[in-house]
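Let's look at a structure together, one question at a time. Have the picture open while you read.

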Amino acid sequence: MRNALSGHRRWKPVWRTPELKKIYDVVIVGAGGHGLATAYYLARKHGIRNVAVLEKGFLGGGNTGRNTQVTRSNYFWPQSAAFFDHSLQLYENLSRDLNFNVMLSQRGVLTLAHSHHELESLRRWANAIRINGVDSELMTPGQIQELVPLINLQARFPVHGGFIQRRAGISRHDAVAWGYARAADALGVDIIQQCEVTGFAITNGKVTGVDTTQGKVSADKFSITVAGNTSVLAAMAGFRVPITSMALQAMVSEPIKPCLDTMFTSSVIHMYVSQSDRGEIVLGGGADAYTSYAQRGGIATVEDNVAALLELVPAFSRLRLMRQWAGITDITPDTTPIMGKTPVQNLYMSGGWGTGGYKAIPAGGDTMAYTIANDEPHPLIADFGLERFERGALIDEGGASGVAH
Amino acid sequence: MLRISCPYCGTRDEVEFHCGGDSHIIRPAPEVSDAEWSDYLFNRNNPRGVHYERWCHVFGCGQWFNIARNTVTHEIHAVYRMGDAAPDLEQ
């Protein structure tokens, strides 16, 4: 309060800027939500505090700061539902756990169907979600109109119905990164920014160190949590991953008064929309359909995305877009993440998050910390390993990934 | 917006094309191990830099061809036909 009344000049940094040491117990590459959460749970739940999180840019500056802040667990397959609902439950207590307000707002996520046949498949999906023990409710067009008065049900692709997960919602993505960073730092974790990993030291199939732009570091165990750059880091460590990196776009309008108190999404017309606490209409869903590491998107995709929104909510046609950006998503063939061990001993990975990594941050950190500490996959991620591709045990969540690829 | 030179129709906008992903994938013999088969099915070159990829001019001639494109700058270094070897862009 005193700081707020004195021109905000007296705030102190909430985490340290330590020197990079030569040796750690665990080194985590990438200080996004997943990397920071992994470090936090390693320190808090497993007592491993001699941990460094290396970040080539700035903390939370990759996909953690580029997503549209959605948290939901409306997944089709039991393994995914169990994992993502664990994440949602951790989100529900995250502000208290981290003593940092992540501004979770469980305003519901509504998925629309635009044809009779799509409604049939949504019905199957909504039922599967309930069987998985997660909440979902089918909605008629009338109920949708009541929930979202601005929606135009008679659009080019008319709205035939939908389903809602009411516990789903949005939270503040920067707060999640900062909350985990502060809490991990307080437990002794070193967060090293501006430190890019340039290579792995591997002897006899076992990783012993990394080369970075700030020098060499050795450790017992290493973890790769680098979202869109997973293929690049895997190549440095000498193995291949089934990932294609693509630029997923999002954009916000100028801020307006509250008019949309839920979130809705449509996979047929590639669009999802919500209103932020600042009043901006947050729009996303379009990915440029080719491999890209450029954190910007093409204008053709923006046009498609905006056209889809305006057909459903014509009133938004008067808004101007304020910002548009892209994050590099690491898409897997079954749109399920790749978590756990790698072909290199003592090297773990958490990647392939594709278009939905943000919602998984708490559970991703929790389960990876367990996996690293015990050298064995956490039961919730036992089916998410890289070896599933060789076994043919894919978990096809193309429908639930929220974006049609 | 990418401007892509179709070898058959000339330079057109990206929206006329469809990207088919990683090119030059060779199907192994059926008796290979599960690991090699899964590498063929699922693993893809996904470089941060020059990528050799297939594109199809779907809203044009409908022909497939190859492109060597930088995935960071999106600069197109070469366009070549299906069946041609990937150009060496090292120099």
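**Two chains, step by step**

Me: What share of the 91 residues in chain B is buried?
Reply: A residue is buried if 20 or more other C-beta atoms, placed from the backbone, lie within 10 Å of its own; it is exposed with 12 or fewer, and partly exposed in between. In chain B, with its 91 residues, the buried share is 15%.

Me: Before we go on, what kind of model is this?
Reply: Residues are numbered from 1 along each chain as its sequence is written, and chains are lettered from A and ligands numbered from 1 in the order in which they are written. Local features need pLDDT of at least 70, side-chain atom pairs count only at pLDDT 80 or more, and totals for chains, interfaces and linings use all residues, as this is a predicted model.

Me: Which pattern does chain B follow along its sequence?
Reply: Helices (H or I, at least four residues) and strands (E, at least two) are DSSP runs, numbered from the N terminus. Chain B has one helix and six strands. Read along the sequence, they give β-β-β-α-β-β-β.

Me: Which element of chain A gives the most residues to the side that touches chain B?
Reply: Two residues are in contact if their C-beta atoms, placed from the backbone, lie within 7 Å. By that rule, 20 residues of chain A are in contact with 19 residues of chain B. Helix H7 (230–237) and strand E12 (244–253) are among the elements of chain A that each supply at least two residues. The top contributor, with three residues, is E15(A).

Me: How do helix H1 and helix H9 of chain A lie: parallel, antiparallel, perpendicular or oblique?
Reply: Axes are lines fitted to C-alpha atoms, for helices over the stretch in contact, and angles run from 0 to 180 degrees between N-to-C directions. The axes of H1 (residues 33–46) and H9 (residues 361–374) of chain A come within 7 Å and cross at roughly 55°. Angles under 35 degrees count as roughly parallel, over 145 as roughly antiparallel, 65 to 115 as roughly perpendicular and the rest as oblique. So H1(A) is to H9(A) oblique.

Me: How many of the 14 residues of H9(A) are buried?
Reply: H9(A) is mostly covered. Its buried residues include A:Ile361, A:Gly365 and A:Met368, and A:Ile361 and A:Met368 are also among the residues that meet H1(A). Of the 14 residues in H9(A), the buried ones number 12.
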